[in-house]
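Dear colleague,

I am passing on to you the structure shown below, together with my notes on it.

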Amino acid sequence: MTLFWVCAAFAVAGAIGTVTARRPLRAAMSLLVHIIALAGLYLGLHAELLAALQLLVYAGAIVVLFVFVIMLIGPATWVPSSTGGLSLRAMSVAVIGMVASTIAVALGRYEAFFGKSPAHYGTVEGLGGALYREAWVPFELVSITLLVAIVGAVAVARGRTPEEAARARQLRHERAAANAALGDAAGSGGNS
Amino acid sequence: MSIGVGEYLALASVLFGTGAVGFLVRRNLLIQLMSIELMLNAVNVVWVAFNRFYPERHDGQIMAFFVVAIAAAEAAVGLAIVISLYRLRKTVETDKADALRH
């Protein structure tokens, strides 16, 4: 019970720090606090393998990726805080209202306490066995998705080589010329 | 006071709301991506908490596992797009990303 309240406090503090931080690097560090607190929550829920995966994937890969990009881009990651339009503020108020009603329903209705869990629940053996026995098709599909994401990330972030840039420029000129010719033809056709 | 599903649901809704407000209010593309991660994590808390309530099967934890994997793919592609946008516009402000406007 103490574990829940401590981890919940750190998770909420980390989330608020992530959203309100002026500097993206501080936001990334707050995200790290949030993720570690969530791993603690998973431990309290007997999801040991998920807690380990959370630390490995989020803290080890995603936060490091964010920090890499922040370091790569440098001072341009500083974005002046927006004043925000009226619609944005209205949507934020709506979100807060939804959250408040969800909390009220969750605390009022769900007096559902946890019973004892089986021996292999959430361990590497239990979750791994369930994953490979019952969910092996989505597991393979996720591996393909990750492969496609890697190729896509490289393709998007790589930029153009000089030859490709020259070819794109030439194509753009050709297209502009063709459009101009088309516009002339249409204009004369309309006049006659 | 004992901890049940209700407390985890309340916590997850607070985390999801924080992420949603951050995504709506902030103009920094990097922080918006982090807000998306916050929302995905909040959903994961709900999956794992409900699975703890029905511990005979692992379905909720399996879903949380897949959410983590998809979040990793999303972060990789999203950050590649951030770098691409920075190369084009020298900024990561989303208001400046209007190349497809009109």
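What follows is a description of the contact between the chains, and then of some single residues.

Please keep in mind throughout that this is a predicted model.

I begin with the contact between the two chains, to which chain A gives 71 residues and chain B gives 62. On the side of chain B that touches chain A, the elements that contribute two or more residues are helix 1 (5-25), helix 2 (29-53) and helix 3 of chain B, and the largest share, 21 residues, is that of helix 3. Sorted by class, this side of chain B holds 39 nonpolar, 15 polar and 8 charged residues.

Two helix pairs across this contact can be described in more detail. In one of them, helix 6 of chain A (residues 136-158) packs with helix 3 of chain B (residues 59-89) at an angle of about 10 degrees, and their axes are 8 Å apart. Since angles under 35 degrees count as roughly parallel, helix 6 of chain A and helix 3 of chain B are therefore roughly parallel to each other. The residues that make the contact include A:Val142, A:Leu146, A:Ala149 and A:Ala153 from helix 6 of chain A, and B:Phe66, B:Ile70, B:Ala73 and B:Val77 from helix 3 of chain B. By class, the contact of these two helices has 17 nonpolar residues and 3 polar ones, with no charged residues.

A:Ala39 lies in helix 2 of chain A, and it counts as buried because it has 22 C-beta neighbours inside 10 Å, where 20 or more are needed. Apart from its neighbours within four places in sequence, A:Ala39 is in contact with A:Ala51, A:Gln54 and A:Leu55. A:Ala39 and A:Leu50 are 11 residues apart in sequence, while their C-alpha atoms are 7.7 Å apart in space.

Lastly, there are two residues whose backbone deserves a look. Most residues other than glycine have a negative phi. A:His46, which follows helix 2 of chain A, has instead a positive phi, near 60 degrees. A:His46 is found in the loop between helix 2 (24-44) and helix 3 (48-73) of chain A, and it is buried, with 21 other C-beta atoms within 10 Å. In chain B, the phi of B:Lys90 is likewise positive, near 60 degrees, and B:Lys90 has its place in the segment after helix 3 of chain B. B:Lys90 is exposed, with 10 other C-beta atoms within 10 Å, because 12 or fewer count as exposed.

With kind regards

Terms used:
Residues are numbered from 1 along each chain as its sequence is written. Chains are lettered from A and ligands numbered from 1 in the order in which they are written. This is a predicted model: local features need pLDDT of at least 70, side-chain atom pairs count only at pLDDT 80 or more; totals for chains, interfaces and linings use all residues. Axes are lines fitted to C-alpha atoms, for helices over the stretch in contact, and angles run from 0 to 180 degrees between N-to-C directions. Helices (H or I, at least four residues) and strands (E, at least two) are DSSP runs, numbered from the N terminus. Angles under 35 degrees count as roughly parallel, over 145 as roughly antiparallel, 65 to 115 as roughly perpendicular and the rest as oblique. Two residues are in contact if their C-beta atoms, placed from the backbone, lie within 7 Å. Ala, Val, Leu, Ile, Met, Phe, Trp, Tyr, Cys and Pro count as nonpolar, Asp, Glu, Lys and Arg as charged, and the others, Gly among them, as polar.
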